[in-house]
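Thanks for asking me to look at this one with you. Here are my notes, written as numbered points so that you can follow them with the structure open.

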Amino acid sequence: MKKWLLLAVLLCVVVGVRADFFTQQVTAKIEPMIQIEWPDAEFSFGDLVAGPNETPVMPLKVISNIPYELELSTESICLKEFIPEQGTYGEITMMEPLKVSIDGGSTWKILAKLMVLAKKTEISGTEDIYNLKYQQVFRFPGDKALGEGRVYKTDITLRIIPMI
């Protein structure tokens, strides 16, 4: 039996049978992605009381595989008289600018027309949760009561800006 096996191996060598090989490259690409869960688009403080007034926490969730910035912009850092029937702003503003927090009210920043609230340069592999809150201080008697149907208002734009 051993002789036949040796003969088969020798025949393979003599006939020129050899092992063959194939090289294959496998590649993949991951696209940059950001998923965002925004808080509600509108919030009303309702009737302000003298002193600081705060919103409840409004979570903003970001899942990203790239670095990003959380940016805030506004035309008016102070709540300003809004005339709903005309859809325009009046001239009266609150004395104190609006403040913003992304850590649930532990630290506050005075609104600026354009500001970076967070800069995420390291990717954690988990969602980032920003506990957004606003604070408005009502200075009594300095802040003026408005006419019927009018409110104080400002529009705030939040942006997630990819840093790639």
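1. Let's begin with overall dimensions. The radius of gyration is taken over C-alpha atoms, and the globule rule is 2.2 Å times the number of residues to the power 0.38. By that rule a compact globule of 164 residues would have a radius near 15 Å, but this chain has 32 Å. Along the principal axes, its C-alpha atoms fill a box of roughly 110 × 35 × 20 Å.

2. A word on how to read the model. This is a predicted model, in which local features need pLDDT of at least 70 and side-chain atom pairs count only at pLDDT 80 or more, while totals for chains, interfaces and linings use all residues. Residues are numbered from 1 along each chain as its sequence is written, and side-chain values use heavy atoms, with hydrogens and water left out.

3. Next, the elements. The chain has one helix and twelve strands; here helices (H or I, at least four residues) and strands (E, at least two) are DSSP runs, numbered from the N terminus. Of the contacts with a separation of 6 or more, 77% are between residues 24 or more positions apart, where contact means heavy atoms within 4.5 Å.

4. Which strand is largely enclosed by the rest of the structure? Look at β10 (residues 128-138): nine of its eleven residues are buried, so the rest of the structure largely encloses this strand. Buried means under 20% relative accessible area, exposed over 50%, and partly exposed in between (1.4 Å probe, protein chains only). Over the chain, 27% of the 164 residues count as buried.

5. Stay with β10 and look at its partners. Two strands pair if DSSP finds at least two bridges between them. Strand β2 (residues 51-54) pairs with β10 in the antiparallel sense over four bridges, and Pro52 has Val137 in β10 as its bridge partner. Strand β3 (residues 58-64) is joined to β10 by five bridges, also running antiparallel, with Lys61 opposite Ile129.

6. Now find the open sheet of three strands, ordered β9-β4-β12 with antiparallel pairing. Its edge strands, β9 (114-120) and β12 (156-162), each pair on one side only. Strand β4 (residues 68-74) and β9 share six bridges, and Glu69 stands opposite Lys119 in β9.

7. That last pair is worth a second look. The side chains of Glu69 and Lys119 also meet in a salt bridge (3.7 Å, N to O), linking β4 and β9 across 50 residues. A salt bridge is a side-chain nitrogen of Lys or Arg within 4 Å of a carboxyl oxygen of Asp or Glu. Are the two residues buried or exposed? Glu69 is buried at 16% relative accessibility, whereas Lys119 is exposed at 53%.

8. The whole structure holds eight salt bridges. Among them, Arg150 and Glu81 meet at 2.9 Å, N to O. Arg150 lies in the loop between β10 and β11 (151-153) and Glu81 in strand β5 (residues 80-83), so this pair ties together parts 69 residues apart in sequence. Arg150 is partly exposed at 32%, while Glu81 is buried at 7%. Another salt bridge joins Lys153 and Asp155, whose closest N and O atoms are 3.9 Å apart. Lys153 is partly exposed at 26%, and Asp155 is partly exposed at 46%.
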